[in-house]
Amino acid sequence: MREYGLCLWSFGNAPFKRKCKIAKNIGVDGVEVEGNLDQNPIEIKNILDEYNLKPLSVTPANVDISSSDKNIREKAVAYFLDLLDWAKELDTDRICVHGDVGKVKGSEDKDLDWDLLVSSTKTIVEKARRNNILVVFEVLNRYENHQIVTCKEALDLIKEVNSSNLSILLDSYHMNIEEKSPSEAIKSAGNKLGVYHVADSNRQQIGDGHSNIKEQIKTLHSIDYKGPIIMEMVAQGPNPFTPEKELGYIEVLSEYYKNSLKLLKKWDFK
């Protein structure tokens with residue numbers, strides 16, 4: 001049975017319990033929680049249980065696992081190794097990994113950057129395997145990171161890491177920017193697709209942009225995708241790197257999620 005969720009980071013600095021209450025009222029099955037190691041994962045799990053929400057995935061902190069600065073890179077990898085223990089206590093079966101958001105240029109040595117990314121990912125994935133947690137590598141876009149911005153690049157990374165415990169997170173918003181055909185990207189991912197994030201082309205509710213989400217849902221069926229569909233939207237407003245917009249943005253965003261969930265369930269029904 002399909003699980004539908006939303007990303008809690010999109011509600012900004014609202015208290016965690018309020019975020020869960022909103023998610024429950026929207027009608028999702030679970031949520032993607034923020035990987036804040038300062039928060040007690042057992043307490044988070046208890047609140048999720050209170051609202052009958054499943055921890056579908058974990059959004060990581062913004063760290064740089066392919067930095068050419070050894071100190072920065074090692075701290076980033078250490079964060080993910082700690083996050084895997086944190087996620088195990090949370091009782092989730094997957095975490096997300098992605099490049100440092102905002103880092104749109106690497107070092108002068110592209111091959112070195114790639115080797116560092118592969119090496120760091122291998123270290124993270126190996127511990128994830130021992131913790132029985134799936135790693136989903138999120139494909140971003142060129143305005144957020146300089147590595148892994150297409151499904152093909154993600155597949156290349158999986159090939160080099162060579163672990164069945166690594167899969168792909170495709171996001172309809174990012175694909176709208178980078179992929180010639182989002183549906184073809186989904187087909188290319190095939191059984192390596194671990195999570196599907198959805199928003200329209202402007203990262204708002206389905207129908208407010210030009211992405212053909214209905215076709216993407218149809219393609220998910222064609223590859224027999226069984227994973228969750230997780231909505232990741234933001235209210236309209238400036239600064240794409242913060243979810244907090246004008247006064248009342250949470251109410252606007254909640255309506256986005258409610259309206260989009262209805263369409264997703266309609267199109268996803270077999």
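Colleague: Which strand does Leu 6 lie in?
Modeller: Leu 6 lies in strand 1, residues 4-7. Helices (H or I, at least four residues) and strands (E, at least two) are DSSP runs, numbered from the N terminus. This is a predicted model, where local features need pLDDT of at least 70 and side-chain atom pairs count only at pLDDT 80 or more, while totals for chains, interfaces and linings use all residues. Residues are numbered from 1 along each chain as its sequence is written, and side-chain values use heavy atoms, with hydrogens and water left out.

Colleague: Okay. Is Leu 6 buried or exposed?
Modeller: Buried, with a relative accessible area of 0%. Buried means under 20%, exposed over 50%, and partly exposed in between (1.4 Å probe, protein chains only).

Colleague: What does Leu 6 touch, leaving out residues up to four places away in sequence?
Modeller: Among them are Phe 11, Ala 23, Ile 26, Val 28, Ile 230, Met 231 and Tyr 257; contact means heavy atoms within 4.5 Å.

Colleague: Switching to helix 5. Which of its residues are buried?
Modeller: In helix 5 (residues 151-161), they are Cys 151, Ala 154, Leu 157, Ile 158 and Val 161. They sit on the same side of helix 5 because they cover an arc of only 115° around the axis (the arc is that of the directions from the helix axis to the C-beta atoms).

Colleague: What's on the other side of helix 5?
Modeller: Lys 152 and Lys 159 are exposed there. As for the buried residues, their cover includes helix 4 (110-130), strand 5 (134-138), strand 6 (166-171) and helix 7 (182-189).

Colleague: Where does Lys 127 lie, and what does it touch beyond four places away in sequence?
Modeller: Lys 127 lies in helix 4 and touches Leu 81, Leu 84 and Asp 85. Lys 127 counts as buried because its relative accessible area is 15%.

Colleague: Back to helix 5: what phi does Asn 162 take?
Modeller: A positive one of about 60°, just after helix 5. Most residues other than glycine have a negative phi.

Colleague: What about phi of Arg 203?
Modeller: Positive too, near 65°. Arg 203 lies in the loop between strand 7 (193-198) and helix 8 (213-222), and is buried at 9% relative accessibility.

Colleague: And Asp 224, where does that lie?
Modeller: In the loop between helix 8 and strand 8 (229-231). Phi of Asp 224 is near 60°, and Asp 224 is partly exposed, with a relative accessible area of 44%.
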